[in-house]
Structures are given as C-alpha cells and as structure tokens.
Amino acid sequence: MAEKYKNMVSKKHYLHSGIFNQTLRDWQSLKSQVLPINLMYPVFIIENDDEVQTISSMPGVCRYGINKLKDHLTVVVQKGLTSILVFGVIETLSKDEHGTNADSARNPVIRALPKLREWFPDLTIACDVCLCPYTSHGHCGILNPNGTIDNPSSIKRIAEVALAYAKAGAHIVAPSDMMDGRIGAIKSLLIEHNLQNSVSLLSYSCKFASNFYGPFRDAARSKPSFGDRKCYQLPIAGEGVALRAAARDVEEGADMLMVKPIMAYMDVLKQVKDRYPEYPVFVYQVSGEYTMIYNAAEKGVFQLKPALMEILQSYRRAGADVIITYYTPLILDWLQLKHQL
Ligand code: PBG
C-alpha cells in the first residue's frame, strides 16, 4: 500500500515539475492570456474640440475634445489598440427630459464619429447608448410625471439614439440603460434601416445597480438628481434575474453580452459564458474598480502591474472574451514591452 502511494505521488502530485519555464507556464494558461484583441478602451468626448480635462475621481483618466482625442488615440493605436467605447459628456449643451442632446447634431459623439472613422480606419468603435448624460433628471430613460420609468417611450428614444450613432459611423451600439425591451427595439430599428449588417449590438445584459459607478458619474456628469437606478439596473445579489436578463437579450437579438461590474460578479460571468459559449462575453472593469486598484497601488498594497495582470487574467479564466478597462493604454505598453524582451 505504501509503495503504491509513493508511486502515485511521484507521478501525479509533482505538478510543478513539468512547468519550469515561461513558455511551459504560458501553455498551462493560454485561456487566460490577455492580448490587445481582448481589450476595449472607454473614452469620454467633450464639446470643446481642443480641450483636455482631468477627472479628479479617476486619476490618470481624462475627458478629451475630439482634436485632443486624435493625438491621444494615435499613440494608443500604434501600441495595438483595436477597439474603443465612446461616451459623450456635455457641459454647455442643455439637458432636458427627453435627452434631446443625446443625438443632436451638436452632440460630441455624433460629431466625433465620422472623424474617428476617417483617422483610425482599423479601429472598431462602440458607442455607449444611454440618456443619463443628457437628461435633466440624470436618469437613463424617460420618466412618467410621478417619477417612474415610462418604458415604451424610453426604449423608443433609446433606439432612436442608437440609430443616430449607427448612422454617424458606430460599428457597435451598446445600450447601458437597462430598460426592458431595448435590445429588441434597437435591433428592429437597425433592420428597418438596413443597418443590421454594418452595426453590431453589444448588450450591457448583466448590469447591476452597483456601488462601483461613483467616479464615472462624476466623469460623465450623469449622477441622478433624485432617487437611484435600482428600478432598472439588476439587484446586486440577483444571480437568477441576471441570467434571465442575458437570456432575454439573446432572444431579442443581441450580438454580444456583458457583465458589469466584474470584480464582485465573476460567478455571473462564468455562468453566462457557460450558457452562451457561442457569444462573445464582455466584462466592464468599471470606474470604482479602476480607482480602487489605482489607490491600492499608490498606497503600496501591491505593485500595479503584476496585481492588475493577475486580476485581468482571472477575468479571462472565468470566461471573459473582452475586458473594457480604463487601464488599456498602460496594459498595451506592458504587452509591447513583453514582446520586445
Ligand atoms: C450609463 C453608464 C454608467 C456606466 C457606463 N454607462 C453609469 C451608470 O449606470 O450609472 C458606468 C461605467 C463606470 O463606472 O466606469 N448608464
């Protein structure tokens, strides 16, 4: 018996003995690799074309006017950037109950799209579609007089905005509003305008009413003026409803799915990917996660690079195909460095 056990230990339990250089280590973890194609970079575009604004709640992240964004992205594209997620932020344009400036001719995203397409022909451009940066009340949809969500009006308006971004040149429209039925409404409108073959639909399918969006609401000037978003974003402990949301969005015609935030929702990611292996699944490392990691590194809790890579690899391991992260330029730097070594 003892002999048998010894034999077993020597053959099977020396896990590390066959993994002694980096290539061998990489082969054990190919599924978790982070490559440029796995990264999407969120950017904030402002009205004034020649301005750059720092964002105090997100150190190292800026809002850019389109001319400044051109300079910034030129460098990042050279480092291997393949896709961006665009957010518009307005300051002087008015906000009203219908979010009129979400798709007006003066909207910074509408103005930027044709230029971005021209300047960066190989870059895939996704547009966040939501009303909250453009409504007077800061909610993501149209409200009834009593302050509740008017669902039919909201999804009609959201679909209009998605169509406007599609027509202006977005490759991907990504509704983050979380209103029931918006995926079907957008897909139908795209088909009606014969855009289904040139515009892809990325659903923020599993977006939770999280505590981690605070810095973004500051960055996008999109904080609700009253109440919260619990009526349309998913309950944080609601695993079942999140899976039903993914199922519904698949049913309504989403091309890609998302889990957001990610750090506290990796079980949801794993389940979504296991259920829909044929769909690309995105995860959004949101503003609060960005700043939390940044601050921890600042305070010496860990070194940014190895800790962040550990975190990103864990998302890939759990099933994420694409990681939306404000750290993208930095990660691309590190990946380039790795290839030069
Ligand atoms: C708009 C939207 C939000 C985020 C992306 N799109 C904020 C929210 O829902 O309150 C959050 C992104 C981040 O925190 O980085 N609805």
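**From the ligand to the core of the chain**

In this predicted model, the ligand is surrounded by D128, C130, C132, C140, S176, Y213, F216, R217, R229, V286 and S287. The shell that these residues form around the ligand contains 6 nonpolar, 2 polar and 3 charged residues.

Along the principal axes, the C-alpha trace spans about 80 × 40 × 40 Å. The radius of gyration of the chain is 21 Å; this agrees with a compact globule, because a globule of 341 residues would have a value near 20 Å.

How is the chain held together in terms of contacts? Among contacts with a separation of 6 or more, 76% are between residues 24 or more positions apart. As for burial, 42% of the 341 residues count as buried.

In soluble globular proteins, nonpolar side chains tend to be buried together. In this chain, the largest nonpolar core comprises 102 residues, and the members that touch the most others are I45, V86, A126, Y165, A170, V173 and V283. Helix α5, which covers residues 151–168, supplies the largest share of this core, with 10 residues.

Which residues is V283 in contact with, leaving aside its neighbours within four places in sequence? The contacts of V283 are M258, V259, K260, I262, L269, Y315, A320, I323 and I324.

How values were computed
Residues are numbered from 1 along each chain as its sequence is written. This is a predicted model: local features need pLDDT of at least 70, side-chain atom pairs count only at pLDDT 80 or more; totals for chains, interfaces and linings use all residues. A residue is near a molecule or strand if its C-beta atom, placed from the backbone, lies within 6 Å of it. Ala, Val, Leu, Ile, Met, Phe, Trp, Tyr, Cys and Pro count as nonpolar, Asp, Glu, Lys and Arg as charged, and the others, Gly among them, as polar. The radius of gyration is taken over C-alpha atoms; the globule rule is 2.2 Å times the number of residues to the power 0.38. A residue is buried if 20 or more other C-beta atoms lie within 10 Å of its own, exposed if 12 or fewer, and partly exposed in between; C-beta atoms are placed from the backbone. Two residues are in contact if their C-beta atoms, placed from the backbone, lie within 7 Å. A nonpolar core is a set of buried Ala, Val, Leu, Ile, Met, Phe, Trp, Tyr and Cys residues joined through C-beta atoms within 7 Å. Helices (H or I, at least four residues) and strands (E, at least two) are DSSP runs, numbered from the N terminus.
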